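This report describes selected features of a predicted model.

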Amino acid sequence: MRRWTIGVLALVAGCGQADEPAASVNLSQDDPILPFPSPTPETMAAIPTRFVGSWDSDGAACAADPAGANRLIVTANALRVGERDLPVRGITVADAGAIDVDVVGDRGGITEQRRYRLALGEGGTLDMNGDAGPVRRVRCDAPAGAEAAARNAIALNLAPDGLQTVAGASSRSIAFGSPSEIVLRVVEAATQTLPERSQNKDCGEGPLDIATYPKIAVYVQEGRFVGWSARGRGLTTMSGVGIGAKRATVESSIDAPVEETSLGREFSSGGLSGIYDAKDNVTALWAGSTCIAR
């Protein structure tokens, strides 16, 4: 019979933590780390940065007139189609990472409301479906779009007691116990992807809902953020501990004794746990409640 072990949160204080109490999250629409905080899981307050930029029918059109009829410019809160500026009035999450954008425009003194669906296609193309039917656009050189993306960029870091975000000079701790809606929106903003949803009902402390992104799985219980596990390379703690890190990197920043367990060569420190392979590389990393089978 398998025994299920629940990783339990341990609150730790250390260098790099935000000044605010770790047990609370005070995120508002004006917070710089949230480019599109949402009042509900289905809506957004701004167009995600993966869509921001200048788009046209092909490379030749990109190099020609920037105000051509097929030029599409996407900003955080407006679309420009040809010479028409269309302010955004609503953004709704659609399937497979797409979004539905409601805009209002003026045509000959008549106010028109339209909805466009934006989705990223293969090779970084943009698929837009609106009143004229589906069209595909390629990305042009767009410094304005690049600058907007850079302004909205969020660096996501792992922490023993939750997650940390860095946007420009601002940093914020998001502790276990925070509302899951806020946490998932932050991770979505940082990864520019939507998660795959699943549930593990076999955990000793009750079912866990799981939101799986390309580089991290976020664990939720009763609407609260309770754990995370790293998935592949890319995300690390502030001190560089992540999948693929060397044991020397881990031990230079935390005191993490190694123990032989059913999972392998397991290390643990203040709520952060992981596994080394035979070459002392980190192959798994998690914190909080993740319901690991042993």
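## Gly130 in strand S9

Gly130 has its place in strand S9, which runs over residues 126-130. Once residues up to four places away in sequence are set aside, Gly130 touches Arg115 and Tyr116. The C-alpha atom of Gly130 is separated by 9.1 Å from that of Leu118, a residue twelve places from Gly130 along the chain.

## Asn157 in strand S11

Strand S11 contains Asn157, and this asparagine counts as buried at 12% relative accessibility. Leaving aside neighbours within four places in sequence, the contacts of Asn157 are with Leu163, Gln164 and Val166, and also with Thr236, Thr237 and Met238.

## The nonpolar cores

The largest nonpolar core holds 29 residues, and the members that touch the most others are Leu163, Ile216, Val218, Trp228 and Leu285. At least two residues of this core come from each of strand S11 (155-159), helix H3 (180-191), strand S16 (216-221), strand S17 (224-230), strand S20 (272-276) and strand S21 (282-288). Helix H3 gives the most, contributing four residues.

Ile216 may be followed individually: apart from its neighbours within four places in sequence, Ile216 is in contact with Leu158, Leu163, Val187, Ala211, Trp228, Ser229, Arg231 and Leu235. Another core, of 17 residues, lies apart from the largest one, and its members include Met44, Ile47, Ile91 and Leu126.

## Helix H3

The twelve residues of H3 should span 16 Å at 1.5 Å a residue, and this agrees with the 16 Å that separates the C-alpha atoms at the ends of the helix. The buried residues in H3 include Ser180, Arg185 and Glu188, together with Val183, Leu184, Val186, Val187 and Ala189. Just after H3, Gln192 takes a positive phi of about 55 degrees.

## The disulfide of Cys62 and Cys140

The count of disulfides comes to two. One of them is formed by Cys62 and Cys140, whose sulfur atoms are 1.9 Å apart. The torsion about the S-S bond of this pair is about -70 degrees, so the disulfide is left-handed. Cys62 lies in helix H1 (residues 59-63), whereas Cys140 lies in the loop between strand S10 (133-139) and helix H2 (143-152), and the pair thus links distant parts of the chain, 78 residues apart.

Cys62 is buried, with a relative accessible area of 19%, a value that falls in this class because the limit is set at under 20%. Cys140 also counts as buried, at 7% relative accessibility.

## The disulfide of Cys203 and Cys291

Cys203 and Cys291 form a disulfide in which the sulfur atoms are 2.1 Å apart. The torsion about the S-S bond of Cys203 and Cys291 is about -125 degrees, so this disulfide is left-handed. Because Cys203 lies in the loop between strand S14 (196-200) and strand S15 (208-212), while Cys291 lies in the loop between S21 and strand S22 (292-293), the bond ties together parts that are 88 residues apart in sequence. Both Cys203 and Cys291 are buried. When the bonded cysteines of the protein chain are numbered in sequence order, the pairing reads 1-2, 3-4.

Note on methods:
Residues are numbered from 1 along each chain as its sequence is written. This is a predicted model: local features need pLDDT of at least 70, side-chain atom pairs count only at pLDDT 80 or more; totals for chains, interfaces and linings use all residues. Side-chain values use heavy atoms; hydrogens and water are left out. A nonpolar core is a set of buried Ala, Val, Leu, Ile, Met, Phe, Trp, Tyr and Cys residues joined through side-chain atoms within 4.5 Å. Buried means under 20% relative accessible area, exposed over 50%, partly exposed in between (1.4 Å probe, protein chains only). Contact means heavy atoms within 4.5 Å. A disulfide is a pair of cysteine sulfur atoms within 2.5 Å. The expected span of a helix is 1.5 Å times one less than its number of residues.
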